[in-house]
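Welcome, and please take a moment with the sequence and the model below.

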Amino acid sequence: MDFQVVVLAGGFSKTLVPLVSKEVPKALLPVANRPVLSYVLELLEQNNLKDLIVVVESESAALLIGGWISSAYVDRLHVEVAAVPEEIGTAGALRAIDHHLTASDILVVSGDLVCDVPPGAVAATHRRHDAVVTTMLCSNPVSGSTESGSSGGKDKAKKHYNIIGLDPTKQFLLHVASGVEVEKDVRVQKSILREVGQMDIRADLMDAHMYAFKRSVLQEVLNQKEAFQSLRRDVLPYLVRSQLRSELLLNGVQSEENGNDKDASQNPKIVLSQLLANASTPSFHELHALGPNGFSLSPRKTHKCCVYIASKSNYCVRLNTIQAFSDINRDVIGDASHISGYSFSAQNNIIDPSAVLGSKTTVGPQCMLGEGSQMGDKCSVKKSVIGRHCRIGSNVKIVNSIVMNHVTIGDGCSIQGSVVCSNVQLLERVVLKDCQVGAGFVVTAGSEHKGESLAKKEK
Amino acid sequence: MVAKKSGRNRGGGGGGTAAATEVSVEELARVPLQAILLADSFATKFRPITLERPKVLLPLVNVPMIDYTLAWLESAGVEEVFVFCCAHAKQVAEHLENSQWFAQPNFSVTAIESNNAVGAGDALRLIYEQNVIRGDFVLVSGDTVSNMSLAEALGEHKERRRKDSNAIMTMVITQSKTSPTTRQSRLGTDELFMAIDPDTKQLLYYEDKSDKGTVSLDKTLLSDHPSIYLHNDKQDCYIDICSPEVLSTFADNFDYQHLRRHFLKGLLDDDIMGYKIFTHEIQSNYAARIDNFRSYDTVSKDIIQRWTYPLVPDVQFVGNSSAKLDRQGMYRASVVGQSRSAQVGPFTVIGSGTTIGSQSQISNSVVGEGCKIGANVSIEGCYIWHNVTIEDGCQLKHAIVCDGVVIKSGVILEPGVVLSYKVVVGQQFIVPAYSKVSLYQQPIKQDSDEELEYADSSSGFMDASSLSGLPDKLKEESTIQLSESQLQAASEVGSGGVGFIWSTSEGSHEEEWRHSVAPIPAAKLLEIMHTSNNELEVVQQDGNLPPSGELERDSVTANSNDYDDDDVDVKDDYEVFENEVEATFKRALEENIKEDDVILEVNSLRLSYNLATADCSGALFYSMMKSALSAPHPSPSDLVKNAATVITKWKKLLKYYLPSIDEEVGLLISSSDPDEIEVILKFEEMCLESAKEYSTVFVQILHLLYDKDIIQEEAILNWASEKEGADETDKLFVKQAEKFIQWLNEASEEED
């Protein structure tokens, strides 16, 4: 097997409360009425990557997710669901499933990714350069996604981007700063700049949390650097910054691919001529390894960190905030409808045949109405997603909102820019604006809420 | 010759400069393109030659540098040039007068002389005062060799100016990768780090002199520019297209001198004015500045190899007698007396009137006019100026030989030698590598500030303008004047030689090999590679994580070096504080200041450095012991006595900072007073490091402190117990004080 895929599906993310509850872990949050995890799984399936390990934080979430996967993908994918303790970080999660990793390269994907960038392309880039790590970068979404590890909502919902340094060919990753570092001045090592000559520093790229690792390297780093918790914050920066004086053993990994490399290391001049003979120009890594004038005092160890930059037309967002949740739902049935996998009606919306609409009820474009949902008379739905088996009264306005399954909405309600979770009851004449209503909550009749988060108190 | 013509024909209007822009209104209001040429680099790199001649008049492939610059400016469509002369201003002015530059149609050259400018800033301020610049102008120095067309850069500049009046300068840069080992470009300049916005070409960062291992970009830059290119592969051509605001900026900031270090930095850092600097990269054209001997060598070779076309020896661009190009890049003037058996190798220029003896070999060199080269001479990679006599059997390698030098037979010049004007090297003498020989003695007091080089040149013994360009009689006189010192100097460059060998160990200068005309020896390269490799390893071993992807401050990893950084800062702060306290205390001793006042001062110091009271007691105690140490003490017992007097005298001061066990607080609570332990620890540290004399009398002093009630017994006991677990070496003093501690222990038990 070539690539082994690890999907980090997270657990009960705290940043997404009240959307996430004991019954609904983050990975199962609905995006256009299907769990967000399904987008990643189907993307992988399309790329013929069917051997997956889905890593879930906490046993209970693993049970829920495992149950769903086995019902939905029983014949299509070979999925193993592994539960890991909470709060151990992405690197910790990989460390925990270390013994499952066997393939020569590992593709790590965040389970909350909704995108149409082919992972196969990332894998191919990784292979082509024989890199130790390849990371996928995408343009920053306009709405401004925020960073937070899929492992747990440690990061505050602060708006900051990655700072990425690339070589002139935009193939190699030379500098990476993320998290709080982004707030500081950009400091770039001169030593690497000297080798490359020119570095493109970008603030408009986002680390999409899809990585291809060389397995031996990943395991070596995870074992040696026990303090590393996060792939994004610890492992990736470590690999990037040590790329020109690698501490990795790389035990013959490189020479596996190319038998010439072995004797080449003994006679660098031959390598140089080989490199020059190969039509492609050698990368600065190889030149650095050779040292100036084609010889060096001691062979320098290098490793390559590559990037795959998704084109601007690709859609790529991570569901890691409530804002992102709303945005993704809107996009998937709107601008990025090709991801949803549904076929849209002539009115550019999806109304399940089993749904019942009252008279004078209109459902606008870029809307979705799940199976078995009923709507009363004179309702209006715009740019919203309504789940399955909802009962909606008359004179209800739903704009820019997400209503999950089994929600009951009384007559005369107005819902705007809000998220209403499953089994919620909205009594008559409720007005919600920019609210989140947690699962099973009952909103009293006639109440008005604006920008609030309503949820049952959990014990 | 072709280019020469085209330069002339430029009459048709600005040679397609900014005038090419379609707006005809602009055409009407068009001002002639002006240029400021700084005929003084305000640096000392070409000493000792520049003691006698200004750098811009030094011959570069037999033509004075300034002529290259002027020829280029003329061909590029500049119509008015202001030549700012400072060092040897008379010589420059004279040269301009004698040359044809004043006679050119559509090209006016004006010399502006000044004797007291110490930097480019002064020059520009002077020109600003004269009010001669009316529009955009080109700012270059007189040592620039280029064949670039200014039209494109000017057009870009004007276009930007129209959109944004803050875009006041466009810098010309070119591709050039610095060597990974020596970290200098082929022109011998230091590596340069620039940050440029790839879309607008705005310059965001410029760093040419720094030892830091990282480039630090302000975080706000990235919020304004989504993408920034960080360059290490570009070279600054020192050709700037400026708007008049540049001059007024210099006028406003009277402390700006250096164009890059002050002006550019100031503009980049300061965002009050909002001025912006942009870059223009030239691709196929040539532009370089001769900044040091290495670039002199490089540019000379480039000229010979015709990269600077049409500014090449066989094209007569100005005042140079044209030479004929033979195969293998050999240029030969029409009148050369060359022996049949002499071999003149590739890439060599021979000036007219030069004679070469039999069996001599010349390669990769430039030989000026009227030189006499004897038989069996080998010359490789040398720059021999005019009227030089080289006698038989000499060997010259990578040397610069100025006008009128006489090299007697059998002399060997090792690589990198510079022989200044009229030096005579005695027979069979071997001039060591990288030595610089001049008739003038090396100025004894080297002014480390290189900006000031020419400030003193107009005064004192080396009024060099009197040397050249004066009637021969006078010249002779000046030589006679020199003769006395010549007698002493004779021995320095062999018997019959005249000249002083300048010592190369000038602290302020880079190592000689970096900037000499000689190629860097392989051994040196290996050495640098070793050190750079070691550096890398050291960086690695330190665990001093480089900043790229530096671990976050709040991440739980123990590896984070942020904490170390903080520690260092605190320590530094403390050291400064300690020094301050010491100074305060010293003054108190000398001027007999009252304790209360000292306390007041120390307190304010403590507040300003944000330290704890415990630090005060430590620092005060430290300064007391220091003062005791500074008093004469023939024997250790005297030292103790000294200490005793100081401590007795200033007991009150120490006690203030050591809140002793007050009766009311009770004896029990105070058992571990950190301040007192601090004093003991401080003392221990002193004994080990700064004041080893105390180590022998450690116990006595400790006892003294105890007697004087400065340190309570609990503190000593605590100190002892604290040290219990320490290393053997750390316990040295505890062991010394063992008896004392034991005694204390017993005493306290008795009390109980």
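## A salt-bridge network in chain A

A:Arg34, A:Glu42, A:Glu45 and A:Arg76 are joined in a network of salt bridges. Here a salt bridge is a side-chain nitrogen of Lys or Arg within 4 Å of a carboxyl oxygen of Asp or Glu.

## About the model

This is a predicted model, in which local features need pLDDT of at least 70 and side-chain atom pairs count only at pLDDT 80 or more, while totals for chains, interfaces and linings use all residues. Residues are numbered from 1 along each chain as its sequence is written, chains are lettered from A and ligands numbered from 1 in the order in which they are written, and side-chain values use heavy atoms, with hydrogens and water left out.

## Chain A as a whole

Chain A has 12 helices and 34 strands; helices (H or I, at least four residues) and strands (E, at least two) are DSSP runs, numbered from the N terminus. Of its 459 residues, 59% are buried, where buried means under 20% relative accessible area, exposed over 50% and partly exposed in between (1.4 Å probe, protein chains only).

Contacts are heavy atoms within 4.5 Å. Among the chain A contacts with a separation of 6 or more, 55% come from residues 24 or more positions apart.

## The cores of chain B

How many residues does the largest nonpolar core have? It has 64, and those with the most contacts inside it are B:Ile66, B:Leu73, B:Val83, B:Val138, B:Tyr296 and B:Ile400. Such a core is a set of buried Ala, Val, Leu, Ile, Met, Phe, Trp, Tyr and Cys residues joined through side-chain atoms within 4.5 Å. Helix α3 (residues 65-75) of chain B gives this core its largest share, 7 residues.

Leaving aside neighbours within four places in sequence, B:Val83 is in contact with residues including B:Leu37, B:Ile66, B:Leu96 and B:Ile112. A second, separate core of 57 residues includes B:Val602, B:Ala619, B:Ile647 and B:Ile716.

## Salt bridges in chain B

Over all chains, the structure holds 28 salt bridges. One of them pairs B:Arg289 with B:Asp143, the closest N and O atoms being 3.3 Å apart. B:Arg289 sits in strand β15 (residues 287-289) and B:Asp143 in the loop between β6 (137-141) and β7 (144-146), 146 residues apart. Both B:Arg289 and B:Asp143 are buried.

B:Arg161 and B:Glu245 also form a salt bridge (3.3 Å, N to O). B:Arg161 belongs to helix α6 (residues 150-163) and B:Glu245 to helix α8 (residues 244-252), so this pair ties together parts that are 84 residues apart in sequence.
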